[in-house]
Amino acid sequence: MEFKGFTTKLVHTDRLLNSPQDGAVHQPTSNSVLFEYKRVEDLVDVFQGRSNGHAYSRQSSGSINALQNMLASMEGGIGALTFASGMAAITTCLLSLLKQGDHLILSQFLFGNTNSFANTLRGFGIEVSLVDVTDVNQVKQAVQPNTRALYLETIANPVTQVADLNAIGRLCEELGLLYMVDNTMTPAYLFDARAARASLLVGSLTKYMAGHGHVLGGAVIDTGLFDWTDFPNINEAYKSQPSNMWGLLQIKKKGLRDMGGCLTPDSAHLISIGMETLALRLDKTCANALTLATYLSSHPKVAKVYYPGLSDHPQHQLARAQFSQYGGILSLDLVPGADCFAFLNSLELVINATHLGDTRTLAIPVAHTIYYEMGAEQRARMAISDNMIRLSIGIEDIDDIIADFEQALASV
Ligand code: PLP
């Protein structure tokens, strides 16, 4: 019997796909770094790609494979790799697929650390163009003969710009470009990445996927849509394998194995437990975010609310067409003159913290923290004001969240 529901599939994938021993419903966590082969010929077969056993746990292990199977199954992909954090997934993936002289098109609305990493890529001789991905024409204009890939986020943070994912997907397909989508803000329950023609999904498992602020992790998932025979940077050694696996194989060997940013088995287990309630948490989070955004947008002490679910958001129609709900991130500007720190210090339920995708509602002043390093000029270009506050909405009862904002806004 085939199960169709998102959560039904998620909570049963581990036992059905991985058949853990003794009727366990989870793959047991194994911390063994090494794997014994009685016949050395079998060990050699693993090294030479003729069999699928584990060589060393930096590259693979049973616990890690269980989570990778869950991720690939959730996104309808052909395979997944996991990493120590979202940043490990992103950097490893880019470094193992790109080389000097390549051109990469990046969204100009990227998570700060990914944006900062673009400078590291430039230092390695990779050309990087930043474009406004809410407009497919800007992407089209940035394409060069040496463009290898395009990289964007579904909903940007903190200003919540929504990329024109479907149109960019069609463009990438037409031009044979690798289309890398960081869908940290909109996991599969909210966004159908295959329908948008994404080639690789990259991003953080630390946020909504794990969900409870208790573990770091990242992943790369191949949707199976990209024709890797069009990609000039694949190492000859990997071309003896079926061509749909070339990309993941290169990321695994040149990236995970050689750079070593692997996830631990314990973390993989914690993430897979968190994922079981992904849809339940996202339903509550998104409903709370929409109600709070609506409340804040008519509050006299709030100058502006950034949330794709509001009808006056510049990409509201795009968000409506591409996502089943509008996500859990919203930002606000307090009215000029209101003391942003006094407001944040008055919050009693909402936590001042740098993180997102948690069960708890979190707040952070953007210009002074996550966007401090980039300087005032770049912040101004990105429309980040000095009293912008980013919120990550949790699963608390909405009346309690609103009451906390009401009393904190009253105090400034
Ligand atoms: N991608 C996005 C969109 C993020 O917001 C973050 C972190 O906030 C990351 C990647 C990095 O993830 P991690 O913190 O797991 O390294």
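**Ligand shell and surface**

Guide: In this predicted model, the shell around the ligand consists of four nonpolar, six polar and three charged residues.

Visitor: And which residues are the closest to the ligand?

Guide: Of the 13 residues that surround the ligand, the closest are Gly86, Met87, Asp182, Ser204 and Thr206.

Visitor: Which helix gives the largest share of that shell?

Guide: That is helix α4, residues 86-97, which contributes three residues.

Visitor: What does methionine 87 do with its backbone there?

Guide: One of the backbone N or O atoms of methionine 87 is placed 2.9 Å from an oxygen atom of the ligand.

Visitor: How about the side chains of serine 204 and threonine 206?

Guide: An N or O atom in the serine 204 side chain lies 2.7 Å from a ligand oxygen atom. For threonine 206, a polar side-chain atom is 2.6 Å from an oxygen atom of the ligand.

Visitor: How much of the ligand does the protein bury?

Guide: The protein buries 92% of the 390 Å² that the ligand exposes when taken alone.

Visitor: Now the surface. Which residues form a nonpolar patch?

Guide: Val33, Leu34 and Tyr56 do, and together they have about 280 Å² of accessible area.

Visitor: Where is tyrosine 56 placed?

Guide: Tyrosine 56 sits in the loop between α2 (40-47) and α3 (62-75).

Terms used: Residues numbered from 1 in each chain as written. Predicted model: local features only at pLDDT ≥ 70, side-chain atom pairs only at ≥ 80, totals over all residues. Heavy atoms only, no water. Patch = residues over 30% accessible without salt bridge, like charges linked within 9 Å, V, L, I, M, F, W, Y side chains within 5 Å. Areas by Shrake-Rupley, 256 points an atom, 1.4 Å probe, with all protein chains shown as cover. Salt bridge = Lys/Arg side-chain N within 4 Å of Asp/Glu carboxyl O. Helix = DSSP H or I, 4+ residues; strand = E, 2+ residues; numbered from the N terminus. Near = heavy atom within 4 Å. Polar contact = N/O pair within 3.5 Å; in protein donor to acceptor, adjacent residues only side chain to side chain. Nonpolar A, V, L, I, M, F, W, Y, C, P; charged D, E, K, R; others polar.
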